[in-house]
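Notebook open, model loaded. I'm jotting things down in the order I looked them up.

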Amino acid sequence: MHGNGIIPVSDSVFWVGAHDRTTDKFEGMWPLPHGVAYNSYLLTGEKNILIDTVKEHFIGGFLDRITEVLAGRALDFVIVNHMEPDHSGSVRALRGVYPDVKLIGNAKTAEMMENFFGINGNVVTVSDGETLELGGRKFVFAFTPMVHWPESMAAYDATDRILFSSDIFGGFGATDGGIFDDEADMNITVAEMERYYVNIVGRFAAPALKALAKVRTLDVGIICPAHGPVWRSEPGRVIDIYERLSRQETDEGVVVVYGTMYGNTAVAAERIARALAENGSPRVIVHDVARDDISRVTTDIWKHRGLVLASCTYNMELFPPMARLLRHLENKGMKGRYAGLCGTFSWAEASLREMSAFVERSRGGWTLVEPKILIKSGMKASDCALCETLASNMVRALKG
Ligand code: FEO
């Protein structure tokens, strides 16, 4: 029985991380309706080794947990898998308490360590694939560049078959009591992992596939990521989910996203959504781009092969919330998708032109489904017919 929130993963591995239920937005952008966990693991033995730290704000309880597990022993090493401050933020304070601790990372970690924290001593650098014996444990380091930053790496404890995977396999959501996959609510866990993947890591899907190829070569018994639950029962399940996301394997459904000021564009979007259902689309999801959170909208778009964008024009440009979504989608570099477009205007058309340019810039990532629809102010019978044609063409394209 441990106080201070310490959770044993095994006899010699202890979760000493932090649950954050007070930060409104991760990276200052992404809502956290279920909070987020910063996982840190303390491995005890001949040498005491900490894997990653927590956001600096949570240093108090974090140090208490480490102190309790160590019970007067020294902290010998901190393996820094990733320098984003949600994981490295407590390194400097930790060095203040344990001045002799050695930091283990790679050359890029060392550079960032100096740039972020002015730390340049007691840093041990490892290379990709290097094996390091630390106090009776054998670690293998696998570099996983761009998942999520250039210095990102995973540490595999070959002695206990535990993979400390950093951001890979991580998700939003504080783990409510159950930090293990067999205890967690899988509906929330998977949904929040998908939202984390798409919005934080999604741009780097190709590097993620390379990282997964390395993971697949390891004999992994337990996956300890830096966010989300510890996968001790079904580590293969999270690898499969992650691989599907990284391959951009999509479902047949259609996401309809509309931006409207006075509801006229919403009328067109609703007609398209209904016609999609009438034509047998297995899933139709409608989002209001000005109201629904962009990270959730983007996650739905990532997971489905079809997209219909319907937007008004605003001040001679695309409606700003829609423009923001398109910038975010463009950053993600989605492939193998189909897009239908419906623009509206009253006196200076821009929405259809700018949405068309988005499709063209994707260079085949998005295939345009005809007809492109342009509606002047309110919807007429002829516009309604075009919406129905677009929906039936979209369903045909997705089935084809
Ligand atoms: Fe969870 Fe890239 O930090």
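This is a predicted model: local features need pLDDT of at least 70, side-chain atom pairs count only at pLDDT 80 or more; totals for chains, interfaces and linings use all residues.

I started at Ala 290, which sits in the loop running from strand 18 (284-288) to helix 9 (294-303).

Is Ala 290 buried, exposed or something in between? I get a relative accessible area of 40% for Ala 290. Buried would need under 20% and exposed over 50%. Ala 290 therefore goes down as partly exposed.

Next I asked what Ala 290 touches beyond its sequence neighbours. With everything within four places in sequence set aside, I find Phe 319 and Pro 321 in contact with Ala 290. I also checked Leu 318: it is 28 residues from Ala 290 in sequence, and the two C-alpha atoms are 13 Å apart.

**Helix 9**

Why call helix 9 largely enclosed by the rest of the structure? Because eight of its ten residues are buried. I wrote them down: Ile 294, Ser 295, Val 297, Thr 298, Thr 299, Asp 300, Ile 301 and Trp 302.

**Whole chain**

Time to zoom out. I count twelve helices and 24 strands in the chain. The C-alpha atoms fill a box of roughly 80 × 40 × 35 Å along the principal axes. The chain has 400 residues, and 56% of them count as buried.

How much accessible surface does the chain have? I have about 16100 Å², with 50% of it on carbon and sulfur atoms. For the contacts, I took pairs at least 6 apart in sequence; 72% of those join residues at least 24 apart. Charges: 42 positive and 50 negative, with their mean positions 6 Å apart.

**Two domains**

On contacts, I find twelve residues of domain 1 meeting twelve of domain 2. The two domains bury about 1100 Å² between them, and 53% of that is on carbon and sulfur atoms.

**Thr 109**

Back to single residues. Thr 109 belongs to helix 4 (residues 107-117). Its relative accessibility is 2%, so I list Thr 109 as buried. Which residues does Thr 109 touch, leaving out those up to four places away in sequence? My list has Val 80, Met 83 and Glu 151.

**Arg 216**

Arg 216 lies in helix 6, which covers residues 205-216. I have Arg 216 as partly exposed, at a relative accessible area of 42%. Not counting residues up to four places away in sequence, Arg 216 touches Ile 239, Asp 240 and Glu 243. I also looked up Val 13 against Arg 216: the pair is 203 residues apart along the chain, with 23 Å between C-alpha atoms.

Which peptide bond is cis, the one joining Glu 370 to what? The partner is Pro 371, and omega is about 0°. I placed Pro 371 in the loop between strand 23 (366-368) and strand 24 (373-376).

Then positive phi. Asn 122 is not a glycine, yet its phi is about 60°. I find Asn 122 in the loop between helix 4 and strand 11 (123-125). Its relative accessible area is 35%, so Asn 122 is partly exposed.

Ser 166 has a positive phi too, near 60°, again in a residue other than glycine. Where does Ser 166 sit? I have it in strand 15 (residues 162-166). Buried or exposed? Ser 166 comes out at 2% relative accessibility, so it counts as buried.

Definitions and conventions
Residues are numbered from 1 along each chain as its sequence is written. Side-chain values use heavy atoms; hydrogens and water are left out. Helices (H or I, at least four residues) and strands (E, at least two) are DSSP runs, numbered from the N terminus. Buried means under 20% relative accessible area, exposed over 50%, partly exposed in between (1.4 Å probe, protein chains only). Contact means heavy atoms within 4.5 Å. Accessible areas come from the Shrake-Rupley method with a 1.4 Å probe; for residues, only the protein chains shown count as cover. Lys and Arg count as positive and Asp and Glu as negative; His and the chain ends are not counted. The place of a charge is taken as NZ of Lys, CZ of Arg, CG of Asp or CD of Glu. Buried area is the accessible area (1.4 Å probe) that two parts lose on being put together, summed over both.
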